[in-house]
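Trainee: I'm new to this one. Could you walk me through how to read it, feature by feature?
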Amino acid sequence: MNESNKGTVRSRGTFLTYLAIARLDHSTKHIFILPGIMLAYLLRGVHTDSLGVSVGLGFFAAICVASANYVINEWLDRNFDKFHPTKSQRPAVQRRLRRNFVLLEWLGLLGIGLVCAFAASKTMFLIAGTFALQGVVYNVPPIRMKDKAYLDVISESINNPLRLMIGWTMVDPSTLPPTSVILLYWAGGAFLMAAKRLSEFREIAVSHGRGLLERYRVSFAGYSETSLTVSCLVYALVSIFFLAVFLIKYRIEYLLTVPAVIALFAEYLALSMKSGSSAQKPEKLFRERGLIVLVTLLTAIFVLTTFIDIPALEFLTGQRYISLQ
């Protein structure tokens, strides 16, 4: 296991090294923006003069702000990532980077992202600013939420509803999504992050020992395999609860999507328990055939229930009792 490359002289970072720490390949995570666009269009309609421009600026803002967060993440984590079996190969661990260059890269990406967000709308600028602030709160001492058990998951997963709101604001900058949708997205993101922690815990603790695991990420000192598994269950249940609240309030037909959503949670949890799981690298999840099939099924049911009314489901919104006489 690497020990900060002791005994070796690390070569100086090149332009490509600095580009790599922005992790543009992680842009696949911005797929979570799409449901925000769809929901805003279906529930509110288009409330912007130029939808195409707004969508373009929104995606570019999200990519730039996320990459800015990755830049400070990789820089500040370099002395911890050296203990991870695969993250020890990250550019910031393997190469000597100049702090001033990293700072300029962070400020540059952040500036471009916020300018694009402001050009789209004031609402998107506030959301993008919160997205950037989360990166500071999560990564930068003395707050550094990622070092605190449970708070690390809760703080990191706020990126999910922020992406949802960016998508919504592309279509309707005059409102935000319903609170129930924001909370279900937040809890769903917490489930994904907790499953990632569970996958890392199971794999690294067994292969390299818990001591090294805690040196890689301080928050693991407050976790156990059992507590992580239970937290996954709790986050999934909270997410489903708020999903049900939203579906009943806004379109009862969407209740038919719930079985697919539950199957998606189950499939992801099972995936996180496999050796070398893609749950540790969410940007690679598009390679998981089972997940793709379930997401496709969920999307198809969502589209169908958007345009097909099922009056028989209305009985679920009223009080009913089973008569014994």
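Trainee: Let me start with a pair: are Asp-77 and Arg-144 buried or exposed?

Mentor: Before that, some ground rules: this is a predicted model, where local features need pLDDT of at least 70, side-chain atom pairs count only at pLDDT 80 or more, and totals for chains, interfaces and linings use all residues. Residues are numbered from 1 along each chain as its sequence is written, and side-chain values use heavy atoms, with hydrogens and water left out. Now the terms: buried means under 20% relative accessible area, exposed over 50%, and partly exposed in between (1.4 Å probe, protein chains only). Asp-77 is buried, and Arg-144 is buried too.

Trainee: What do Asp-77 and Arg-144 form, and how far apart are their closest N and O atoms?

Mentor: They form a salt bridge, with the closest N and O atoms 2.8 Å apart. The term covers a side-chain nitrogen of Lys or Arg within 4 Å of a carboxyl oxygen of Asp or Glu. Asp-77 sits in helix α3 (residues 51–81) and Arg-144 in the loop between α6 (122–139) and α7 (151–156), so the pair ties together parts 67 residues apart in sequence. About those labels: helices (H or I, at least four residues) and strands (E, at least two) are DSSP runs, numbered from the N terminus.

Trainee: How many salt bridges are there in the whole structure?

Mentor: A search of the whole structure turns up 13. Take Asp-309 and Arg-251, whose side chains meet in one at 2.8 Å, N to O. That pair links distant parts of the chain: Asp-309 is in the segment after α13 and Arg-251 in the loop between α11 (225–250) and α12, 58 residues apart. There is also a network, in which salt bridges that share partners join Asp-77, Arg-144, Lys-146 and Asp-147.

Trainee: Let's turn to helices. How are two packed helices described?

Mentor: By the angle between their axes and the distance between the axes. The axes are lines fitted to C-alpha atoms, for helices over the stretch in contact, and angles run from 0 to 180 degrees between N-to-C directions. Here, helix α12 (residues 258–272) packs against α13 at about 165°, with the axes 10 Å apart. That makes α12 roughly antiparallel to α13. As for the wording, angles under 35 degrees count as roughly parallel, over 145 as roughly antiparallel, 65 to 115 as roughly perpendicular, and the rest as oblique.

Trainee: Is the crossing of α12 and α13 left-handed or right-handed?

Mentor: Left-handed. A crossing gets that name if the near helix is turned anticlockwise from the far one by less than a right angle, and it is right-handed if clockwise. Another pair to look at is helix α9 (residues 179–208) with α11: their axes come within 8 Å and cross at roughly 160°. α9 and α11 are therefore roughly antiparallel to each other, and α9 passes α11 in a left-handed crossing.

Trainee: Last one: where is Gly-276 found?

Mentor: In the loop between α12 and α13. Gly-276 counts as exposed, at 52% relative accessibility. Compare sequence with space: Gly-276 and Leu-110 are 166 residues apart in sequence and 33 Å apart in space, C-alpha to C-alpha.
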